Amino acid sequence: MATEAISVQHLSKLYTTRDGGVAALERISFSVDEGEFVAVVGPSGCGKSTLLKILAGLLSPSAGSASLRGTTIQGPRRDIGVVFQSPVLFPWRTVLDNVLLPIDVQGLGRVRFMPAAMDLLALVGLRDFERRYPWELSGGMQQRVAITRALIHDPAMLLMDEPFGALDAMTREHMNLELQRIWLEKKKTVFFITHSIPEAVFLADRVLVMTPRPGRVVDDLRIKLPRPRPLDVMTTPEFGDYTRHIRGLFNVKGGLDA
Amino acid sequence: MRSTRNVVLSVLLFCGSVGGWEALVRAFEVPAFILPPPSQVALALWRGFSSGLYLQHLSHTLLETLLGFIAGSALGLVLGTAVALSRPVEFFLYPYIVMFQSLPKVALAPLIVVWFGLGLTSKVINAALIAFFPLLVNTMVGLRSADEERVSLMRSLAASERQIFWMLRLPNSLPFVMAGLDVAMIFALIGAIVAEFVGAQKGLGMLIQSMNFNMDVSGQFSILLILSVVGLLLNRGVMMIRKRVLFWDPSEKERIEQERVSA
């Protein structure tokens with residue numbers, strides 16, 4: 001497993017504002033292996049969404065470089081799937097049509113991907129919902145449609161930007177379990193952004209800890225909890241050690257108190 | 001239960017007010033050229049329709065209105081799209097559009113009749129001119145109102161600008177466009193009637209004008225009645241299309257649900 005799915009070298013991003021520049025990211029370096037689940041945790045304003053936008057090709061970096069699977073990112077690419085904080089479904093499309101949006105955009109031919117769409121919908125627990133419209137679904141179900149849409153064109157990796165941030169606590173835990181199950185089945189590289197420390201520790205193989213002003217990666221923590229992880233794992237002392245360690249980093253750096 | 005009671009109540013209210021009107025006009029001996037009693041209006045209506053006079057003028061006005069509506073809204077749609085998509089077009093055209101928009105368009109009717117004559121053309125052009133603006137403005141706003149996150153999603157899929165337009169911006173603008181059509185329909189009717197007032201050989205507006213000269217007030221009332229029914233039906237027609245097209249729009253769903261509750 002020597003192939004690097006994501007490689008980021010001395011990446012910086014400066015936003016120019018009226019009062020001068022603001023460093024959203026400052027000289028960030030890390031890499032993610034193929035098939036790895038990496039979570040980035042940090043308070044709001046630490047530049048984690050900026051980082052994801054750069055990886056998705058929606059923003060260009062001010063300095064440094066970022067590459068996916070050996071090629072430098074120069075714009076949006078078709079071998080990634082992105083899940084945003086809100087489901088971003090099109091209300092005039094049915095669930096199935098929403099899932100097939102990447103296929104339509106990339107002109108891959110609906111017929112060929114129809115079985116895959118139905119299988120994926122079944123995988124995320126939305127069998128028999130394909131003819132429904134987004135407004136007929138709950139928030140958690142809508143986000144599952146968004147995940148299905150991100151997976152439909154069989155991308156090499158998933159970029160997820162606080163995908164469960166808008167859900168209530170119970171639904172969120174359930175979605176964490178679901179995501180783990182999907183990941184164990186699909187074995188795709190996942191780059192997952194969150195501001196919840198337990199969520200990051202629960203889901204990830206590795207947690208990158210970021211602090212704001214300027215956005216920096218202050219720790220790269222390997223989570224050695226066996227999989228599949230049940231929700232109970234959150235009550236174990238090992239889990240507590242990980243979350244305490246990360247929280248400690250924020251308190252030292254003033255990230256959460258600021 | 002409640003709905004049947006409401007129907008009974010509204011029928012009673014209608015009969016009461018019409019009966020009251022009739023009684024008051026008769027009791028105070030109001031001259032018919034000031035305010036005719038409803039019975040005379042009904043009589044005028046019956047005469048007009050049975051002689052075929054109203055139908056002939058009505059169909060003419062309706063034709064003017066619909067042609068004006070189609071031409072005006074098509075032009076508004078195309079130009080609104082051009083302004084929304086192209087910065088240069090917006091830069092050079094928009095000042096004139098704003099200037100023209102603040103002008104009361106009915107004031108142009110005399111000029112248009114002078115230019116295009118007393119026939120159908122001048123009425124259609126006047127109707128189109130007034131129907132044009134709501135479509136122009138709403139198309140512009142609608143095409144530009146696509147949610148930033150949805151645009152990001154399309155970009156992350158490596159969609160071209162053309163694809164973003166067809167798959168996102170256009171369907172997203174439909175609630176605005178349909179609201180524009182709603183207004184444009186009634187505006188087209190106003191435009192046609194005003195142009196007929198200025199000078200025409202046929203049409204309900206011209207009929208009102210000539211009845212006014214003859215002090216035929218009950219006739220005028222009967223035509224006002226027809227016009228309000230026509231306006232209502234045209235509006236209903238647009239709303240039916242709207243319901244079909246915008247079945248997914250939250251505001252539309254609310255309206256459908258409200259209608260379900262009240263029905």
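A: Happy to. Helix 4 of chain A has A117(A), L120(A) and L121(A) as its buried residues; buried here means that 20 or more other C-beta atoms, placed from the backbone, lie within 10 Å of the residue's own. Before going on, note that this is a predicted model, in which local features need pLDDT of at least 70, side-chain atom pairs count only at pLDDT 80 or more, and totals for chains, interfaces and linings use all residues. Residues are numbered from 1 along each chain as its sequence is written, while chains are lettered from A and ligands numbered from 1 in the order in which they are written.

Helices and strands are DSSP runs numbered from the N terminus (H or I, at least four residues, for helices; E, at least two, for strands). Helix 4 of chain A covers residues 110-123, 14 residues in total, and spans 19 Å from first C-alpha to last, close to the 20 Å expected at 1.5 Å a residue; that expected span is 1.5 Å times one less than the number of residues. After the helix comes G125(A), with a positive phi near 80°.

What lies over those buried residues? The cover includes helix 2 (95-99) and helix 5 of chain A, judged by contact, meaning C-beta atoms placed from the backbone within 7 Å. Helix 5 (residues 139-151) of chain A in turn lies across strand 6 and strand 7 (157-161) of chain A, and runs at about 165° to strand 6 of chain A. Such angles run from 0 to 180 degrees between N-to-C directions, with axes fitted to C-alpha atoms, for helices over the stretch in contact.

Those strands lead us to an open sheet of six strands in chain A, ordered 6-7-8-3-9-10 with mixed pairing; two strands pair if DSSP finds at least two bridges between them. Strand 6 (80-83) and strand 10 (216-222) of chain A each have a single partner strand, so one side of each has no neighbour in the sheet. From one strand to the next, the twist averages 15°. Within the sheet, strand 3 (residues 37-41) and strand 9 (residues 206-211) of chain A run parallel, joined by four bridges, and A39(A) sits opposite V207(A) of strand 9 of chain A.

Terms used:
Two residues are in contact if their C-beta atoms, placed from the backbone, lie within 7 Å. A residue is buried if 20 or more other C-beta atoms lie within 10 Å of its own, exposed if 12 or fewer, and partly exposed in between; C-beta atoms are placed from the backbone.
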